[in-house]
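Subject: A structure for you to explore

Hi there,

Here is the structure I promised to pass on to you. Have a look at it first, and then read my notes alongside it.

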Amino acid sequence: MTMLSMKHLLRGIAATVLLGFAGLACAAQPAPPLPGDSIYQLPLPLTDSQGQTLDWRALRGKPRLVSMFYTSCQYICPLIIESGKAVERQLTPAQQKRLGVLLVSMDPARDNPATLKKVVDQRKLDLTRWTLATPPANDVRSVAAVLGIRYRQLADGEFNHSSMLILVDANGRILARTEKIGTQPDPDFVAAVRKAVGG
Amino acid sequence: MRKRLTAPLLVLGLVVLPLAGLAAGVVAGRYAGLPGGQFKSVLRYEDAKNGVRIKPFALMRKPVTNADFLAFLKRHPEWRRDRVSSVFAESRYLSHWAGPDKLGPNALPDRPVVWVSWFAADAYCSWLGARLPTWNEWEYAAAADETHRDARQDPAWRERILGWYSRSSRDALPRVGMQAANAYGVHDLHGLVWEWTEDASSLMVDSDNRTQGDPDRGKFCGAGALSMDDRENYAVMMRVAMLSSLEGRDTTANMGFRCARSAP
């Protein structure tokens, strides 16, 4: 093969590849490689309250508050949601738009799109910002481990778990965490969120 | 009593062995079958005051060795120390090996693999179609001495285990399987390395006294942190304290693991 035809061939391949990706390009920019310390290094298919299953890497692109919960939880979990809302209230509307909130269920046996949607409706969560989702049962330990959340299922099906909000940047690097749960957010944590979403 | 225990053991043996054989010839005989049953953990579970129910399971007779782990890395190079993501393993991960895929003098093939993170241990077991044992399974298996299934009240046995903890961790690790098997046919649960459990992160022993009696802090949902039911069993308490202090990416000079399988 001559140099020229080689070049031709390569160009042909490149064109085909470009064409093939053209459709995708609108939906997703080619993502830069994930940092090694990103929580998104863990492959994690999540099924959300709308029944859509996507790997959580699809959540890259904006800073996010992340926590774990379960929908049948009576006490602390509603407080986790309230804490997320309380942080949001400390932001301007423009800043709110630049922050996502992800709550991952630790109870895949009972949580499904319908139970998640019930919480979304009851708590009036804005799905343009909030994602409530369930991982496969085998992945719960791993997602808890990358987040540094501890949990134990009790004999009656309830869970003991550490309650915290974790702030990750657009690439899934943990920037800050708070264990202050409730309607009065931790000022240091709010400052970290403001810095992450920008003025 | 004996009769009731033998039946599930037999069933387990019949089912587990062919399964294990599927993975590779060398796997056959690598696991011991344990019958399970009602078990009183050293941990005080408010939700299970009369003990926990352990289902029949199989446990590796010996901890995973450096040679075993190297075989895994050949198939899954993404877990080599030079390629693993830092979210899954801290910088000391396998740092005692001569190279990313080379054991060397500080990591002899038949020594238990240490400096491994929970994520790496979990990945190794998944590779075999197995899993890490739960804390309850590990504690249940480790309650046995050479002749009794529950030797925990034997002061001599407790002394023997504590003797190991008082030895310097700077000494080189012995080979796996040097110690006699316990009543289930499992070696080295005590006296060699610490071991990861699947639910290491469920052992929420709150060591921070400042959080005691402060429910507003809401650190732990529900009944809260675990406490110990048997404060005389120091050896097991140390295990719990160690596991509860580690994150999934942490590694230590003495932390290894072995895998388990549920009875189908």
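Predicted model: local features only at pLDDT ≥ 70, side-chain atom pairs only at ≥ 80, totals over all residues.

**Chain B in outline**

Chain B contains 6 helices and 9 strands. It has 264 residues, and 52% of them count as buried. If you take the contacts in chain B with a separation of 6 or more, 74% of them come from residues 24 or more positions apart.

How do two packed helices get described? One gives the angle between their axes and the distance between the axes.

Which residues of α4(B) and α6(B) meet? On the α4(B) side they are Trp135(B), Trp138(B) and Glu139(B), and on the α6(B) side Val236(B), Arg239(B), Val240(B) and Leu243(B). Sorted by class, this contact of α4(B) with α6(B) has 5 nonpolar residues, 2 charged ones and no polar ones.

**Two buried loop residues**

Next, look at Pro133(B), which sits in the loop between α3 and α4 of chain B. Its relative accessibility is 0%, so Pro133(B) counts as buried. Setting aside neighbours within four places in sequence, Pro133(B) is in contact with Leu59(B), Trp138(B), Trp196(B), Thr197(B), Glu198(B), Asp199(B), Arg258(B), Cys259(B) and Ala260(B). Take Trp196(B) as an example: this residue is 63 residues from Pro133(B) along the chain, and the C-alpha atoms of the two are separated by 8.2 Å.

Thr197(B) belongs to the loop between β6 (194–195) and β7 (227–228) of chain B. Thr197(B) also counts as buried, at 0% relative accessibility. Again leaving aside neighbours within four places in sequence, the contacts of Thr197(B) include Pro133(B), as well as Trp135(B) and Trp138(B). Leu243(B) is another residue in contact with Thr197(B).

**Aromatic rings**

There are 19 aromatic pairs over all chains. One of them is Phe69(B) with Tyr124(B): the ring centres are 5.8 Å apart and the planes are at 25°, so the pair is stacked. This pair links distant parts of the chain, since Phe69(B) is in helix α2 (residues 66–75) and Tyr124(B) is in helix α3 (residues 118–127), 55 residues apart.

Are these two residues buried or exposed? Phe69(B) is buried, with a relative accessible area of 0%, and Tyr124(B) is buried with 1%. Both belong to one aromatic cluster, together with Phe72(B), Trp97(B), Trp127(B) and Phe257(B).

**Where chain A meets chain B**

Helix α5 of chain A (residues 140–147) and α3(B) have axes that come within 11 Å and cross at roughly 160°. That makes α5(A) roughly antiparallel to α3(B). Here the crossing is left-handed. The contact is made by Arg141(A), Ser142(A), Ala145(A) and Val146(A) from α5(A), and by Trp118(B), Phe119(B) and Asp122(B) from α3(B). By class, the contact of α5(A) with α3(B) has 4 nonpolar, 1 polar and 2 charged residues.

**Two residues with a positive phi**

Most residues other than glycine have a negative phi. Lys124(A) has a positive phi of about 50° although it is not a glycine. Lys124(A) lies in the loop between α4 (113–122) and β5 (130–134) of chain A, and it is exposed, with a relative accessible area of 71%.

Trp115(B) is not a glycine either, and has a positive phi of about 55°. Trp115(B) is in the loop between α2 and α3 of chain B. With a relative accessible area of 17%, Trp115(B) is buried.

Enjoy exploring!

Best wishes

Note on methods: Residues numbered from 1 in each chain as written. Chains lettered and ligands numbered in written order. Heavy atoms only, no water. Contact = heavy atoms within 4.5 Å. Helix = DSSP H or I, 4+ residues; strand = E, 2+ residues; numbered from the N terminus. Nonpolar A, V, L, I, M, F, W, Y, C, P; charged D, E, K, R; others polar. Phe/Tyr/Trp six-rings, centres within 6.5 Å; stacked < 30°, edge-to-face > 60°. Buried < 20%, exposed > 50% of the residue type's maximum accessible area, 1.4 Å probe, protein only. Axes fitted to C-alpha atoms, helices over the stretch in contact; angles between N-to-C directions. Parallel < 35°, antiparallel > 145°, perpendicular 65-115°, else oblique. Left-handed = near helix turned anticlockwise from the far one by under 90°.
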